[in-house]
Amino acid sequence: GDYTGALRPRAHFSPPKGFMNDPNGMFVDNNGTWHLYYQYNPTDIVAGNQHWGHATSPDLYHWTNQPIALAPPNSTAGVFSGSAVLDPNNTSGFFPNTTDGVVAIYTLNTPERQVQELAYSYDNGYTFTTYDEGNPVLDVGSNQFRDPKVIWYEDHWVMVIAYASEYTIGIFTSPDLKDWTHASNVSHVGLLGIQYECPNLAKVPIGNSDSSNVTTSDGEGEYVLTISLNPGAPLGGSITQYFPGSFNGTHFTPRDNAARLSNFGKDDYAGQFFYDHPVSIGWASNWQYTNSVPTGNEGWRSAMTLPRKNYIQDNGIAGYQLVQEIYDLSPILKNRLQINDDAANGTTSAHFTNAVYFDINVTLPDSPTFETVAGINFTFAADGTDEYLKSAYAFAGSVPYSVWIDRGHLDGFEHPYFTDKFLGSQVRAAKRIQGVFDRSLFEVYVDGGAVVGTSVVFPSTPLTKLDIGSSGLPEGAQVSVAIWELEDTWA
Ligand code: FRU
């Protein structure tokens, strides 16, 4: 791939060329290599002709593009979204001679039907053989039945899958990945939108980020069910909602009736958890405009979100919520551009070339009194142009304890649904604000990922200057700012 385009993210994954959407089949092999597959049209820069593209990484930031993993059997079919599992105990019977077996479970889309198929791999997921003698393994006679995500529960496999146009997530069980039995449904929960897609059921740690280093097959945890909606998201197009809850092997019970969104922006969709790891990646785009974004001029469309470590936290009156922490960035922290431990009510600036990361820590005095308007803002601009991207955290003002992104002062893209202002709110003041600006993608993470905003952004020339300014904070407030250039992982 040619990664030199001005809009190409340097630290986020994007495909070598062509069109990408959902992450698929993510797992970690026995050598510790992370595998990312993705919905891929290798022959055009709009969605269609769906394949599974493939890339591998030692650290979730340095990616190596691999040959396409799954291709459709004919020109009217598509290999749609799905998942992958490790089968060390050979429950499937595909792997009599190895404990490294990998099975992909995906939707084959044809004009008549959406059916679920298997493909197996003897080489850690680099090449797959379709299970032609047994496919499809699940066919309910529907053309709106897709996106199987499979996990292991104690002594059997569990699949969650969308009856897309019925607002229903089906839960199926199997001893061998081949015979599936319907166990229960979760239907009409939270927001409906127009369709349910790409469900995930995952066990994630409860508590703090330290506990999310563990894999999820043992130890205490909470289940989380995610359901992606498209179209019909509250902000338009696509978004993902989630439900913390419990799972007994056949039935999922949400803790409460609240619909919680995983992102306050509109560019984080169809996220998937790695098999047996509480680590996730989402597709950083929105079906409303993804087929028209200007990266098409560079021969590619869509990037993934940053990788995230997930856990569930009791947030008091707001209930249990998913915290999505930026996965360990240290492999790509390149140069520290600024460090300012005395940044309250002042400005800290840096110039950068590729992608930039900032980390702001705030300590407030007890019972702080803010000025009428108080906050910390992050402005990305370029010398010699009047374009800018602005984001801020407000401690006081019209919406206290909120974070916002405004992409409306950039000139690179116009589209009726490319709305420009996004707001995420909290019930108490933030202690930490992190952000990554990466050419055509901006992500902000408040309090270690308790609130996350992801926005694609399209400047007409590269933004290379960051100003972080704070004002209106009370005497005694301490603000420290660190700014890092991130490595250009595609150079
Ligand atoms: C979600 C989705 C899935 C489907 C895939 C097709 O973005 O519509 O439901 O499997 O994309 O590419």
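In this predicted model, the shell around the ligand is made up of Asn 21, Asp 22, Gln 39, Gln 50, Phe 80, Ser 81, Thr 107, Arg 146, Asp 147, Glu 197, Cys 198 and Ala 270. Two or more of these residues come from each of the elements β1 (18–28), β5 (78–86), β9 (145–153) and β13 (196–204). By class, the shell holds three nonpolar, five polar and four charged residues.

**Domains**

The domain assignment divides the protein into domain 1 (18–326) and domain 2 (330–486). Their C-alpha centres are 30 Å apart. To the contact, domain 1 contributes 34 residues and domain 2 contributes 29 residues. On the side of domain 1 that touches domain 2, β21 (308–314) and β22 (320–326) each provide at least two residues. The largest contribution to that side is from β22, with five residues. Sorted by class, the side of domain 1 that touches domain 2 consists of 13 nonpolar, 15 polar and six charged residues.

An unreviewed UniProt entry places the feature "domain: Glycosyl hydrolase family 32 C-terminal" at residues 375–484.

Strand β31 comprises residues 441–446, and six of its six residues are buried. Both faces are covered: one carries Leu 441, Glu 443 and Tyr 445, and the other carries Phe 442, Val 444 and Val 446.

One partner of β31 is strand β30 (residues 432–438), which runs antiparallel to β31 and is joined to it by five bridges. Within this pair, Ile 433 has Val 446 of β31 as its bridge partner. The two strands form a hairpin with two residues between them, and Arg 439 in the turn has a positive phi of about 65°.

Strand β32 (residues 451–456) also pairs with β31 in the antiparallel sense, over six bridges. Here Phe 442 is opposite Ser 455 of β32. The hairpin of β31 and β32 has four residues between the strands, and Asp 447 in this hairpin has a positive phi near 50°.

**Backbone features in loops**

Most residues other than glycine have a negative phi, and most peptide bonds are trans.

| Site | Feature | Angle |
|---|---|---|
| Asn 135 to Pro 136 | cis peptide bond | omega about -5° |
| Asn 230 to Pro 231 | cis peptide bond | omega near -15° |
| Glu 154 | positive phi | phi near 50° |
| Asp 276 | positive phi | phi about 65° |

Pro 136 lies in the loop between β8 (129–130) and β9, while Pro 231 is in the loop between β14 (222–229) and β15 (239–247).

Glu 154 belongs to the loop between β9 and β10 (156–163). Is Glu 154 buried or exposed? Glu 154 counts as exposed, because it has 8 C-beta neighbours inside 10 Å, and a residue is exposed if that count is 12 or fewer.

Asp 276 is placed in the loop between β18 (269–273) and β19 (279–283). Asp 276 has 17 other C-beta atoms within 10 Å and is therefore partly exposed.

Conventions. Residues numbered from 1 in each chain as written. Predicted model: local features only at pLDDT ≥ 70, side-chain atom pairs only at ≥ 80, totals over all residues. Near = placed C-beta within 6 Å. Nonpolar A, V, L, I, M, F, W, Y, C, P; charged D, E, K, R; others polar. Buried ≥ 20, exposed ≤ 12 C-beta atoms within 10 Å, placed from the backbone. Pairing = 2+ DSSP bridges. Domains from an automatic or database assignment. Contact = placed C-beta atoms within 7 Å. UniProt positions renumbered as here; feature names shortened; annotations may be inferred.
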